[in-house]
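Welcome! Take a moment to look over the sequence and the 3D view, and then we will walk through them together.

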Amino acid sequence: MTTARQAWVILTGRYLRELYRQPAVIFITLTQPVIWLLLFGELFKNITKIPGFGAGNYATYLTPGVVIMTAMFSSSWTGMAYIEDMQTGVMDRFLTAPVSRGALTAAMLAYQAVIVVVQSAIIIAMGWGIGAAFPGGAAGIAALIGVAVLIAVAMAGLSIGFALLIRQREALIGASSTLVMPLTFLSGAFLSLRLVPGWIAAIARFNPVNWAASAGRAAIGSHPVWGTVGSYAGYLALALAVTAVAATQAFRTYQRSI
Amino acid sequence: MSEGSAIVQAEGLRKTYKPDVRALDGLSFSVPAGTVFALLGPNGAGKTTTVRILTTLARPDSGSARVAGIDVLAHPSRARSVIGAVSQHSGAVSLLTGQENLALQGKLHGMRGRALHRRVAGLLDQFGLAGAAGRPARTYSGGMRRRLDIATVLVHRPAVLFLDEPTTGLDPEGRADLWAALTGLAGQHGTTILITTHYLEEADQYAATVAIVDQGRIVAEGTPDQLKAGLRGDSVVLELASPGQVEPAQKALAPLPEVRGLSADGAVLRARVADGPRALPAVLAALDGGVPVRSVTVARPSLDDVYLHYAGRSFRQAEGITIS
């Protein structure tokens, strides 16, 4: 029997190989966040002139926001691959192989992490290109990518769990678009929370997207408060643990129902 | 495991799906090692549920299941290393090539390096897929895909191969090819094959043992010949020169102890007998000289008759009224 660790590496390889066979998907995956960055960057260019915004350069403010938003978007679709595997019989094949359910979940989460690292690196490079500053240097950038991975993997776990329980593409698309947009806009990803209505700021305090955006933004700043970054990252890690366990548990429910 | 001993044993399997759909109702059977075993039944009889339980995909409410000596319910992960399972859906990763699909399966079973490479190449060759090995599975025809599915789950040399309705959707040629491959596997490699089908002819022709499933239970089990012989009802079908010959023929045959009944349709007279080949000489002797016979055939009961006998309704009828 393969050990769980080997199995997830093998299965992550499978997802990456499938992605490699789909140049169109690679192209969209990599260009979409760049479009977000350029579009929002232009649209909200003058936002920093509003008194009280608290940041002079919108590119610097926006880049971590787009990194986090992109991480959320791409990982919220993770469950689609599971639904596809369930409908084509691939899932049954893996479930009848000596592979733990945890390894199946871990493989997908690891794959999602790889995607988000690449996407984030591209957004950060483009952000630098349009004038974003990263006074925090390499450590700050690494921390930003780190929190992006945390939120992405947490979201992917949720998406997988949902896919296993509901098993319907349309439902997953609906749930994902209902959840991701509001979560993103109920955070400080694009706009300083000092400028939003009180109730949004209040919700944002409990919103993982805001934790990630705040941590990422703090990390790339000139004097990062690592305690703050660390505690946000801790909350995110907790959210991740919850959704990963939920996703693995959803396998049992899935197997009971078939 | 020696030939003849049971390699798969299902005992009293029960499973009810919510809400109140009884899929299995105390289903029991055993499969002799190294043979082709068919679970035959109409759609909705419980065949797929049975296979899902034996392949660790589902759990029964009660009952027990053993595969190659392993308690499937107590040690599912151990059972997984000795089985190969092909579901009704393909199971191939369509973006991966045939070769990659087999290699992936082998790796998940802990195979590595040259041994894996050689095994994969051998199977692709054995299943006539060597030429298509480098193409993504999604470019394969239906028959090729089925062969790929089977080759894939054989990489780790399972003791038992489970196939759920593998021939559904294949054309007659694809079906014949697949059966040739399967019977070869059981014959030469000693692999036990458990297959589900709702094609009576297929079970009759290829399976060494058939278990007839109806409404979540096994209603009859045996070799196709045993099952049919169990009905003790062959027909001797006589084609006479004209419909006018039917009456004298009936008169001549009615007193015979072998003949249980007679029915006529035009110039064709059908005599029901216990054992067709044995009754034939007596039937012909009784007609000798009096009634000229154009042709004579002995019709053995079909599995459809067997199904009718044990399930109390015809197979076609059962197919029609059950929701698949």
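Where is the place of B:Pro136? B:Pro136 sits in the loop between α4 (113-126) and α5 of chain B. This is a predicted model, in which local features need pLDDT of at least 70 and side-chain atom pairs count only at pLDDT 80 or more, while totals for chains, interfaces and linings use all residues. Residues are numbered from 1 along each chain as its sequence is written, and chains are lettered from A and ligands numbered from 1 in the order in which they are written. Helices (H or I, at least four residues) and strands (E, at least two) are DSSP runs, numbered from the N terminus.

**Around B:Pro136**

- B:Pro136 has 18 C-beta neighbours inside 10 Å, so it counts as partly exposed (buried means 20 or more other C-beta atoms within 10 Å of a residue's own, exposed means 12 or fewer, and partly exposed is in between, with C-beta atoms placed from the backbone).
- Leaving out residues up to four places away in sequence, B:Pro136 touches A:Arg21, B:Ser94, B:Leu95, B:Leu96 and B:Thr97 (two residues are in contact if their C-beta atoms, placed from the backbone, lie within 7 Å).
- B:Pro136 and B:Glu100 are 36 residues apart in sequence, with 8.7 Å from C-alpha to C-alpha.

**An enclosed helix**

- B:Glu100 is also one of the buried residues of α3(B).
- Ten of the eleven residues of α3 (residues 98-108) of chain B are buried, so this helix is largely enclosed by the rest of the structure.
- Just after α3(B), B:Gly110 takes a positive phi of about 85°.

**Two helices side by side**

- Helices α5 (residues 142-153) and α6 (residues 172-189) of chain B pack at an angle of about 20°, their axes 9 Å apart (axes are lines fitted to C-alpha atoms, for helices over the stretch in contact, and angles run from 0 to 180 degrees between N-to-C directions).
- α5(B) and α6(B) are therefore roughly parallel to each other (the term covers angles under 35 degrees; over 145 is roughly antiparallel, 65 to 115 roughly perpendicular and the rest oblique).
- On the α5(B) side, B:Gly142, B:Gly143, B:Arg146, B:Arg147 and B:Ile150 meet B:Gly174, B:Asp177, B:Leu178 and B:Ala181 of α6(B).

**Strands and sheets**

- In chain B, four strands make an open sheet in the order β2-β1-β4-β5, with antiparallel pairing (two strands pair if DSSP finds at least two bridges between them).
- The edge strands β2 (21-32) and β5 (70-71) of chain B each pair on one side only.
- β1 (residues 6-17) of chain B is joined to β2(B) by nine bridges, and B:Thr16 stands opposite B:Arg22 in β2(B).
- Strand β8 (residues 192-197) of chain B has six of its six residues buried, so it is largely enclosed by the rest of the structure.
- β8(B) pairs in the parallel sense with β3 (residues 36-40) of chain B over five bridges, and five bridges also join β8(B) to β7 (residues 160-164) of chain B, again running parallel.
- B:Thr196 in β8(B) has B:Leu39 opposite it, and B:Thr196 is also the bridge partner of B:Asp164.

**Where the chains meet**

- Across the two chains, 20 residues of chain A are in contact with 25 residues of chain B.
- The largest share of chain A's side of this contact, five residues, comes from α1(A).
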